[in-house]
Amino acid sequence: MAGVQKSGGGPARGGFMERALDEARAAGARGEVPIGAVVVREGVVLAADGNRTRERADPTAHAEILAIRQASRALGDERLTGCDLYVTLEPCAMCAAAISFARIRRLYYAASDPKGGGVEHGGRFYSQPTCHHVPEVYSGIGESASAELLRDFFRARR
């Protein structure tokens, strides 16, 4: 797929992904699906959050959406040009669209999501002709830690 680079390509940014994993752990501790996201610009964290769909009774309160909203408020702009997003799971189609609309420069995600992903799986949002902005995409950074966190969370609920 155009624009997607697999296996953790691009700059090594494990520290920001570790922050996203911390947000995911906090989400899991709140009973949310453990997904975390961090928005970074010029090496500075602008926003970080984890899933809050249950807490807010809001199906759009995904970690990526919440972090994008916070970063937009911090910058006073709906366009996050020059910003990078680190997220612990491949974004769903809704989040992929928000990332595109926000003009995120680079998307780094840890684990792939064959069931609900919208970047390399499912609708592959960035491959659609109606997608006007495609971020650089790097996957696999912190993949094993994220996958383990998700497995443990769902195993405990079965």
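**Cores, strands and pockets**

User: Which residues does Leu107 touch, not counting residues up to four places away in sequence?

Analyst: Contact means heavy atoms within 4.5 Å. Sequence neighbours up to four places away are left out of the list for Leu107. The residues that Leu107 touches are then Leu85, Val87, Pro91, Ile99, Val119, Tyr126, Pro135, Glu136, Val137 and Tyr138.

User: What kind of model is this?

Analyst: Residues are numbered from 1 along each chain as its sequence is written, and side-chain values use heavy atoms, with hydrogens and water left out. Local features need pLDDT of at least 70, side-chain atom pairs count only at pLDDT 80 or more, and totals for chains, interfaces and linings use all residues, since the model is predicted.

User: How many residues does the largest nonpolar core have?

Analyst: A nonpolar core is a set of buried Ala, Val, Leu, Ile, Met, Phe, Trp, Tyr and Cys residues joined through side-chain atoms within 4.5 Å. Buried means under 20% relative accessible area, exposed over 50%, and partly exposed in between, using a 1.4 Å probe and protein chains only. Inside the largest core, Leu107 and Tyr126 have the most contacts, and the number of residues in this core is 31.

User: Which elements give two or more residues to this core?

Analyst: Helices (H or I, at least four residues) and strands (E, at least two) are DSSP runs, numbered from the N terminus. The elements that give two or more residues to this core are β2 (36–41), α3 (63–75), β4 (83–89), α4 (93–101) and β5 (106–111).

User: How many residues are in the other core?

Analyst: Another core lies apart from the largest one, and Met17, Ala48, Tyr108 and Tyr138 are among its members. Its number of residues is 11.

User: Why is β2 described as largely enclosed by the rest of the structure?

Analyst: β2 pairs with β3 in the antiparallel sense over 6 bridges and with β4, also antiparallel, over 5 bridges; two strands pair if DSSP finds at least two bridges between them. Ala37 has Asp49 of β3 as its bridge partner, while Arg41 stands opposite Cys83 in β4. The strand is largely enclosed because the buried residues of β2 number 5 of 6.

User: How many residues of β4 are buried?

Analyst: On one side Val39 stands opposite Leu85 of β4. β4 also pairs with β5 in the parallel sense over 5 bridges, with Tyr86 opposite Tyr108. β4 is mostly covered, and its buried count is 7 of 7.

User: What is the phi of Glu42?

Analyst: Most residues other than glycine have a negative phi. Glu42 is in the loop between β2 and β3 (44–50), in the turn of a hairpin with 2 residues between the strands. Glu42 is exposed, with a relative accessible area of 74%. Although it is not a glycine, its phi is positive, about 50 degrees.

User: Where is Ala57 found?

Analyst: Ala57 is another residue with a positive phi, about 50 degrees, although it is not a glycine. It counts as exposed at 71% relative accessibility. It is found in the loop between α2 (53–56) and α3.

User: Which elements do the buried residues of α4 pack against?

Analyst: The buried residues of this helix are Cys95, Ala96, Ala97, Ala98, Ile99 and Ser100. They pack against α3, β4 and β5.

User: Is Met94 buried, partly exposed or exposed?

Analyst: Met94 lies in helix α4 and touches Pro59, Thr60, His62 and Ile65, leaving out residues up to four places away in sequence. Met94 and His62 are 32 residues apart in sequence and 9.3 Å apart in space, C-alpha to C-alpha. At 32% relative accessibility, Met94 counts as partly exposed.

User: Which helix gives the largest share of the lining of the largest pocket?

Analyst: On a 1 Å grid over the protein atoms alone, a cavity is a set of points where a 1.4 Å probe fits but cannot get out, and a pocket is an open set with protein on both sides within 12 Å along at least five of seven lines; lining residues have an atom within 4 Å of a point. Lining residues of the largest pocket include Leu89, Asp113, Leu150 and Arg158. The largest share, 4 residues, comes from helix α5 (residues 143–157).

User: How much space lies in the second largest pocket?

Analyst: Grid points are joined across faces, edges and corners, and a volume is the space filled by probe spheres set on the points. The largest pocket holds about 300 Å³. For the second largest pocket the space is about 190 Å³.

User: Which residues are the closest to the centre of the second largest pocket?

Analyst: This pocket is lined by 13 residues. The closest to its centre are Ile35, Asn51, His62, Leu89 and Cys92.
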